[in-house]
Amino acid sequence: MKTSESSNNFLETWEFSPIEWNYFIEKAKTLKKEDNIYFGFAILIGGIPFLMLARNTTFLIACVFVIPFAFLIPWLRNKFTTTYLKTTNSLSTVVFYSEYVKINDKKIDLFTPKKWIKDMNIIKTENQLLLLEIEIAWRTRKGDTFDEVRVPIPKDKLERAEALIEYYRFYN
């Protein structure tokens, strides 16, 4: 641990075997891909009528502009937000601190002057895998936006995950 990371903001460490972690990666990437497909459809469904009405364009011209964005933006979003979702052949760790979480040494800020936790909850996948879903929000010129970070919950840490949710709910 670096000296700049004081021990008083350390909360919890979860460790996973390569088999557990790689199974989680498979499920998490599926969920992220699904989220981005919905996002792409929203761009497509909202963008075409918006351009037709706001800019008085034809359907064909609106499609020419919107369709590339409906594919490109979700693809880029997926590339940038899944950098912590990498398969491994060694032990994986998720370390919670009061203002951020480290997933295999990749730091993800939870609280900064411009970021905060919008919501946290526990979700269950079809194979009884429990995930801690953290929605991190930040301000943009057009309003608040957010993205999800999901981490697996070890079988013996469900109560601890619930305690983390309560901690972060009152931390902000």
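Thr88 lies in the loop between H2 and S2, where helices (H or I, at least four residues) and strands (E, at least two) are DSSP runs numbered from the N terminus. The structure is a predicted model, in which local features need pLDDT of at least 70 and side-chain atom pairs count only at pLDDT 80 or more, whereas totals for chains, interfaces and linings use all residues. Residues are numbered from 1 along each chain as its sequence is written, and side-chain values use heavy atoms, with hydrogens and water left out. Thr88 is buried, with a relative accessible area of 17%; buried means under 20% relative accessible area, exposed over 50%, and partly exposed in between, for a 1.4 Å probe and protein chains only. Leaving aside neighbours within four places in sequence, Thr88 is in contact (heavy atoms within 4.5 Å) with Pro18, Trp21 and Asn22. The C-alpha atoms of Thr88 and Pro18 are separated by 5.9 Å, although these residues stand 70 apart along the chain.

The protein chain as a whole has three helices and seven strands, which follow one another along the sequence in the pattern β-α-α-β-β-β-β-β-β-α. Taken along the principal axes, the C-alpha atoms fill a box of roughly 60 × 35 × 25 Å. Of the 172 residues of the protein chain, 38% count as buried. Among contacts between residues at least 6 apart in sequence, 60% join residues at least 24 apart.

Helix H1 (18-54) has 37 residues and reaches 51 Å from its first C-alpha to its last, close to the 54 Å expected at 1.5 Å a residue; the expected span of a helix is 1.5 Å times one less than its number of residues. A kink of about 25° lies at Gly47 in H1, shortly before the proline Pro49, the bend at a residue being the angle between axes fitted to the seven residues ending there and the seven starting there. The buried residues of H1 are Trp21, Phe24, Ile25, Lys27, Ala28, Lys32, Asn36, Gly40, Ile43, Gly47, Ile48 and Leu51. These residues pack against strand S1 (10-16), H2, strand S2 (92-97), S3, strand S6 (130-140) and S7. One of them, Lys27, has a relative accessible area of 15% and is therefore classed as buried. Not counting residues up to four places away in sequence, Lys27 touches Glu126, Asn127 and Leu129.

For helix H2 (residues 59-81), the 23 residues should span 33 Å at 1.5 Å a residue, and the end C-alpha atoms are 32 Å apart, which agrees with that expectation. H2 bends by about 25° at Phe65, and a proline, Pro68, follows within four residues. The buried residues of H2 are Ala62, Cys63, Val66, Ala70, Pro74 and Thr81, and what covers them includes helix H1 and strand S7 (143-152). Leu72, which also lies in H2, counts as partly exposed at 42% relative accessibility. The C-alpha atoms of Leu72 and Gln128, 56 residues apart along the chain, are separated by 33 Å.

Two packed helices are described by the angle between their axes and the distance between the axes. The axes of H1 and H2 come within 8 Å and cross at roughly 155°, where axes are lines fitted to C-alpha atoms, for helices over the stretch in contact, and angles run from 0 to 180 degrees between N-to-C directions. H1 and H2 are therefore roughly antiparallel to each other, given that angles under 35 degrees count as roughly parallel, over 145 as roughly antiparallel, 65 to 115 as roughly perpendicular and the rest as oblique. H1 passes H2 in a right-handed crossing; a crossing is left-handed if the near helix is turned anticlockwise from the far one by less than a right angle, and right-handed if clockwise.

Asn56, which is placed in the loop between H1 and H2, has a positive phi of about 55° although it is not a glycine, and with a relative accessible area of 69% Asn56 is exposed. Asp105, in the loop between strand S3 (100-103) and strand S4 (106-109), has a positive phi of about 65° and is likewise not a glycine. At 68% relative accessibility, Asp105 counts as exposed.
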